[in-house]
Amino acid sequence: MLSFKSYDSAQGLGNLSIWAMEQDADGFLWVGTVDGLFRYDGSRFNMLGVADGLPAARIKALLQGERSQFWIGTIQGLALKEGNRIRELHADAGLPANEIFALAIDREGRLWVAMDVGLFRQRPGSLFFDPLPGWPAKAMARALWMDGDAMYTVSQIKLLRIDLNGTAAIREVPGPWRERLDAVVRDRQGRMWVRSRGGLWMRQGNRGDFTDLSRYLGVATYDGHLRLTPRGGLLIPTTDGLVRVTDDTWEYLSTAFGLPTPWTNRAMEDREGCLWVGGLGLFRGLAHEAWRRHTQLNGIPGGVVWTILKDQKGRIWAGTTNGLCLPKNGIWARVPQTKQNQAILRLALAKDGALWMGGAPPRLRRWLPESNEWLEFSRPGSTISGLIFGADGTLWINTHREGVYCIPPLASPGGTYKIEPFFFPGSEQNEMIQSMSRGGGDRLWMAGPRGLFLQEKGRWRLLGTDDGLLSASVLSVFEDDENCVWLSYEDRQGLGRFAYRAGRLEPLVHFDPARGLEARKIYFVRKDALARIWVGTSQGVYVLFDDRWHHFGASEGMPGDDCEGGVFLAEPNGDVWIGTLGGLGHFDSARFSGRPRPPPAFILSMQYGQTKLERPFPEKVDVTHRNASVEFQFTGLNYNNENRVLLQIRLVGLDDEWRFNDIRQIRFAKLPPRQYSFQVRAGYDKTSWGPVATASFRVLPAWWQTWWFYAAVALALLGGVLLFFRWRYRILHRRNFELEKIVQARTKALAAANESLQKLTVTDTLTGLRNRRFIDLTIEEELAKVNRDYHALKKSADKDKQVNLDLIFMMVDLDHFKEVNDRFGHAAGDLVLKQIRDRLLQAVRDMDTVVRWGGEEFLLVARKCDRGQAQNLADRVKELVSREPFAIGNGQTLLRTCSLGFAPYPIARGYPPEAVSWTQVVEMADRCLYAAKESGRNGWVGLREGPSPERVSAFISQPEVEIKAGGWEILTSFPDVSALVWQQKT
């Protein structure tokens with residue numbers, strides 16, 4: 001099966017009745033429908049209609065012309081698109097406003113137009129068209145094909161050849177057809193193909209008879225369409241699917257092979273090799289079609305393959321949820337000797353051709369296919385997760401819960417196999433092994449939570465962090481044919497490559513996102529016959545070749561993304577089989593053309609004020625100061641896998657640093673006057689990028705921002721200052737002594753009044769602590785310091801400086817305070833609040849601020865902190881509040897506890913710190929506070945790190961949902977983070 005992606009209104013394609021498709025010179029895809037022309041930019045379809053200058057909304061033909069000319073044929077005439085301008089070409093161009101069926105360009109660059117009322121040809125060097133001399137009046141022309149020194153066309157039931165050597169003589173080409181002809185093309189082998197709605201004929205070369213091939217395909221829906229691919233293949237849409245002819249090979253692409261609908265009307269192949277099919281919708285097949293999917297539709301029982309191997313006879317055996325199966329002519333069938341509801345989870349092939357199987361229910365079986373001899377073992381009693389033969393013929397069996405078993409080779413033919421539990425030397429417990437691999441010589445590797453076990457020369461030893469491992473918990477292990485060991489970890493991201501020399505592991509390289517390997521968890525590592533390294537993850541597979549990683553997933557043709565089962569088979573020709581939870585994928589190495597080049601980037605539009613410019617942009621763009629907020633839309637043009645395209649942008653003149661952007665638009669607000677260049681680049685990973693697209697513009701200064709205005713103001717100020725000082729000198733000479741006394745007295749009074757007023761406006765009257773207004777007045781300066789520190793750190797190569805840069809916002813709430821007021825009165829409550837003030841001031845440093853936030857809630861703002869130490873402050877506050885009773889008057893005391901919630905600023909250190917406001921951080925701290933109160937009080941809950949600024953609002957409104965989505969690092973004094981009760985925002 002092939003993989004197709006469907007496009008509809010969700011991507012902006014407003015009509016699914018497709019009549020024309022064409023790729024322009026820049027690579028944009030254009031789709032003509034019965035209700036408008038749509039351009040696809042790799043993200044969305046944008047429509048052009050009658051309001052944009054088209055003669056009619058129904059599009060019948062499209063053609064990329066010379067330079068920037070793009071020709072559009074409609075049911076009411078011809079239009080020409082040049083840049084952003086669309087022009088109708090009707091009577092003033094010599095063309096009637098009638099239906100156009102086909103467009104073609106001859107060797108002299110002239111456009112030919114086939115219409116329902118005749119055939120027209122462009123005059124050289126002009127936009128005027130003449131009827132073709134000798135063409136019958138009002139006779140229809142339905143197709144055009146430029147063929148060397150002749151143009152071929154069809155008219156009703158006639159195939160016509162038009163001489164281009166000056167005479168323009170029209171000659172009928174005889175053939176066996178008896179119905180209206182619709183299309184004519186010649187392929188790269190020189191074969192001419194002619195088609196009607198129900199017929200297909202082919203002739204070798206220019207002479208001889210046409211062969212009727214109509215029996216090989218179904219009828220067309222409305223008209224018979226033919227389209228050559230860039231590689232010379234022929235596409236034939238029918239009501240039963242798409243027929244593809246390559247050389248002498250005929251392929252029938254229907255619903256049985258992945259096409260979403262059998263009804264096809266138009267088809268084309270773009271420059272990347274993607275197959276586009278229009279019918280009841282628009283569908284795109286992957287470029288070069290390197291992957292074939294094998295699922296239940298291909299006969300795989302249950303659809304999921306858990307294990308696969310190839311025996312000495314070249315047979316491929318696959319263990320599935322419903323038994324063992326074999327393929328025949330692309331169709332899989334269950335081996336009758338295996339039961340339907342018997343899951344085969346692991347396979348191993350013995351030297352004698354026997355298949356050893358482990359599955360569910362938990363059983364180990366041995367089967368000789370040639371003699372149908374079966375042997376079943378009662379042990380182990382746990383599901384088998386691994387089978388591998390050692391160099392000496394020992395079968396090693398890994399289980400989910402009972403550890404490792406082994407079956408030594410038979411001492412003599414006819415002996416009895418003996419299954420024994422295996423305990424690693426120095427251990428009396430079952431080891432939970434997660435991966436096994438054969439190495440060079442007699443080496444055997446086993447990876448588990450305690451480290452890496454190695455058997456060599458009959459001896460076992462355990463390797464851990466002291467031997468170069470980044471973690472003792474190893475998830476997968478693989479030794480390749482170059483004595484290199486590949487390791488992934490349960491609790492560390494990335495993949496390590498080690499050299500094994502003289503009994504030691506020497507670290508060579510660790511692949512992680514910085515080196516192009518984005519996978520979070522790696523389930524297996526293998527090597528194919530062409531020396532490519534394959535890595536199976538929960539997000540598809542990554543392949544290492546040419547020192548770069550290439551990703552394959554469901555969007556690239558695999559049947560699924562989850563490769564947790566570790567199913568892998570490498571064939572001698574470079575082909576690879578990989579199992580996913582969505583089915584079995586077959587990678588056809590011959591169809592894979594290699595790592596694609598990074599896609600080109602395009603800036604689609606630029607808008608400022610009421611002005612919107614579309615590409616191509618003018619060389620000089622001036623923006624007034626009133627419209628200095630500029631918005632751009634852009635894209636990375638790739639159709640084979642739109643979701644994998646990464647985009648980076650920068651505005652040279654404002655910030656030279658490249659930044660990622662995945663929403664394909666950006667707005668720069670209130671830009672200061674100067675010259676700018678907005679730049680975009682695209683890539684498939686973070687290590688290689690395509691060409692840069694640039695749009696330059698200049699923000700003009702206001703009249704009061706010009707140099708001459710500044711000069712005039714400076715001169716006026718200078719003259720005014722001189723006059724003022726002369727006048728002032730005379731006055732001060734007489735009144736200097738009296739005025740000095742008055743000023744001193746008033747200055748003291750004013751300072752005292754200002755100090756008193758400021759204290760009143762920023763101080764809580766009950767506790768004497770700062771209030772909310774104080775934070776509003778002072779926090780921006782603190783935030784600016786943090787932002788500067790983080791931006792400086794990002795440019796610094798010394799990452800060890802990333803300490804004590806954070807602001808910690810901590811919310812403190814006294815537990816059951818309402819009960820104090822209700823039982824003992826508000827005077828007692830006021831006493832408690834004053835004592836809380838003293839204990840909080842005791843807990844913080846002099847540089848920190850304690851704010852009465854409202855009621856019994858207090859906000860602590862800790863400056864120059866490390867977010868990893870926030871929990872220490874929380875513990876100190878919690879202990880000081882609850883340690884001693886509170887005096888409430890009349891000799892009475894009572895004990896009270898508090899609940900706390902905190903969050904750091906910035907919340908996500910991988911992004912600009914200002915991406916999340918301090919008020920949002922306080923809201924997140926408040927969410928944590930309420931989680932502490934809802935989870936039992938007298939404790940604290942805090943955030944240490946967040947995944948991205950885009951997810952902050954979702955955390956504030958629905959924290960429980962966001963935490964389950966992953967990426968939030970939660971700290972708490974409660975025993976179980978997963979048991980915290982989060983209150984949704986109302």
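**Close-up 1. Trp534 and Phe587 are a pair of buried aromatic residues.** Both Trp534 and Phe587 are buried in this predicted model. Their rings form an edge-to-face pair, with 5.2 Å from centre to centre and 70 degrees between the planes. A search of the whole structure turns up 57 aromatic pairs.

**Close-up 2. Trp703 and Phe709 make another edge-to-face pair.** Here the ring centres sit 5.1 Å apart, and the planes are at 85 degrees to each other. Trp703 is exposed, with a relative accessible area of 52%. Phe709 is partly exposed, at 22%.

**Close-up 3. Four tryptophans form a nonpolar patch on the surface.** Stay with Trp703 and look for Trp704, Trp707 and Trp708: these four make up the patch, and together they have about 580 Å² of accessible area. Trp707 counts as exposed because its relative accessibility is 68%, and the cut-off for exposed is over 50%. This residue is found in helix α1, which covers residues 707-762.

**Close-up 4. Strands β14, β15, β16 and β17 form an open sheet.** The four strands are arranged in the order β14-β15-β16-β17, and the pairing is antiparallel. At the edges are β14 (143-147) and β17 (170-173), each of which pairs on one side only. From one strand to the next, the twist averages 25 degrees. For a closer look, pick out β14 and β15 (residues 150-155), which pair in the antiparallel sense over five bridges. Ala143 has Val154 in β15 as its bridge partner.

**Close-up 5. Glu108 and Arg110 meet in a salt bridge.** Side chains of opposite charge can pair when their charged atoms come close. In this case the N to O distance is 3.5 Å. Arg110 is buried, with a relative accessible area of 12%. Across the structure, the count comes to 59 salt bridges.

**Close-up 6. Glu269 and Arg231 are joined by a salt bridge.** Their side chains meet with an N to O distance of 3.1 Å. Glu269 lies in strand β26 (residues 264-269), while Arg231 is in the loop between β22 (227-228) and β23 (234-238), so the pair ties together parts that are 38 residues apart in sequence.

**Close-up 7. Asp352 forms a salt bridge with Arg366.** The closest N and O atoms are 2.7 Å apart. You'll find Asp352 in the loop between β34 (343-349) and β35 (355-360) and Arg366 in strand β36 (residues 363-368), so this pair ties together parts that are 14 residues apart in sequence. Asp352 counts as partly exposed at 45% relative accessibility; Arg366 is buried, at 6%.

Close-up 8. Which residues are joined here through shared partners? They are Arg142, Arg180, Asp182, Asp223 and Arg266, linked into one network by their salt bridges.

Definitions and conventions. Residues numbered from 1 in each chain as written. Predicted model: local features only at pLDDT ≥ 70, side-chain atom pairs only at ≥ 80, totals over all residues. Heavy atoms only, no water. Patch = residues over 30% accessible without salt bridge, like charges linked within 9 Å, V, L, I, M, F, W, Y side chains within 5 Å. Areas by Shrake-Rupley, 256 points an atom, 1.4 Å probe, with all protein chains shown as cover. Helix = DSSP H or I, 4+ residues; strand = E, 2+ residues; numbered from the N terminus. Buried < 20%, exposed > 50% of the residue type's maximum accessible area, 1.4 Å probe, protein only. Pairing = 2+ DSSP bridges. Axes fitted to C-alpha atoms, helices over the stretch in contact; angles between N-to-C directions. Phe/Tyr/Trp six-rings, centres within 6.5 Å; stacked < 30°, edge-to-face > 60°.
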